[in-house]
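Here is a short briefing on one chain. Overall features come before a single residue.

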Amino acid sequence: MKEPRDINPILDVSLHTIPLDLERIFGNAGECALEIGFGDGDFLIECALADPGMNFLGIEVKKRRFNTAVKRAQRKKAANVKFLHMEAVIAARELFPPDSFSFVYINFPDPWPKDRHEKHRIVNPWFLSLLSGIMKKGGILELASDHSEYVINSLETLGAMECFAPVFGEPGYVNEIPGRPLTGYEREFREEGREIYYAKFTNLK
């Protein structure tokens, strides 16, 4: 077993050719999952520890959170997780070949609730098309949020796209997925009594 200091969860793109060879990066041919905006890394690390046969990659633009996640992964000896410090849109557009990911998670994105800020929402047709292109056919896109209007808007956006099909029936979301690791935000929101919404979609391409 590697010591925590020997585990390096940082994915340094400068050390690799583009598009990235995830099998080489992780050292195995296991399936890969991607989290967009991993925060402090708690969700992705718990997923990695629970499923050591799968590879987990997270993208985060905020440096403080990135550093926190790296230290946490080392402390918990999560050897099957990698963290990338980069804008998610750039990474999805430039770094990955088609059919890279079996799962994509978008957990508690900034809802940008005002209409004039709609262009900033990460769940938009252009970005979703990028995600579909790097996901495997039959791959699962999972969205979690405490913001009901954002979830409804996301359901409408995804429902209008030909590359994704909803997993859940009406109203398109559930309020709990048993056994799903909790993010830091989710723990706080549940303690405050907020309702959480989960939506899942299958990639059809």
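The chain carries 26 positive and 30 negative side chains. The centres of these two sets lie 6 Å apart. Lys and Arg count as positive, Asp and Glu as negative, while His and the chain ends are not counted. Each charge is placed at NZ of Lys, CZ of Arg, CG of Asp or CD of Glu.

This is a predicted model, in which local features need pLDDT of at least 70, side-chain atom pairs count only at pLDDT 80 or more, and totals for chains, interfaces and linings use all residues. Residues are numbered from 1 along each chain as its sequence is written, and side-chain values use heavy atoms, without hydrogens and water.

**Fold**
- The chain has seven helices and seven strands (DSSP runs numbered from the N terminus: helices are H or I, at least four residues; strands are E, at least two).
- From the N terminus, the order is α-β-α-β-α-β-α-β-α-β-α-β-α-β.

**Overall packing**
- The C-alpha atoms fill a box of roughly 45 × 40 × 30 Å along the principal axes.
- Of the 205 residues, 45% are buried (under 20% relative accessible area, 1.4 Å probe, protein chains only).

**Around S100**
- S100 sits in the loop between α4 (88-94) and β4 (101-107).
- S100 counts as buried because its relative accessibility is 8%.
- Its side chain reaches the backbone oxygen of P97 at 2.6 Å.
- Beyond its neighbours within four places in sequence, S100 is in contact with L22, C32 and I134 (heavy atoms within 4.5 Å).

Conventions: Buried < 20%, exposed > 50% of the residue type's maximum accessible area, 1.4 Å probe, protein only. Polar contact = N/O pair within 3.5 Å; in protein donor to acceptor, adjacent residues only side chain to side chain.
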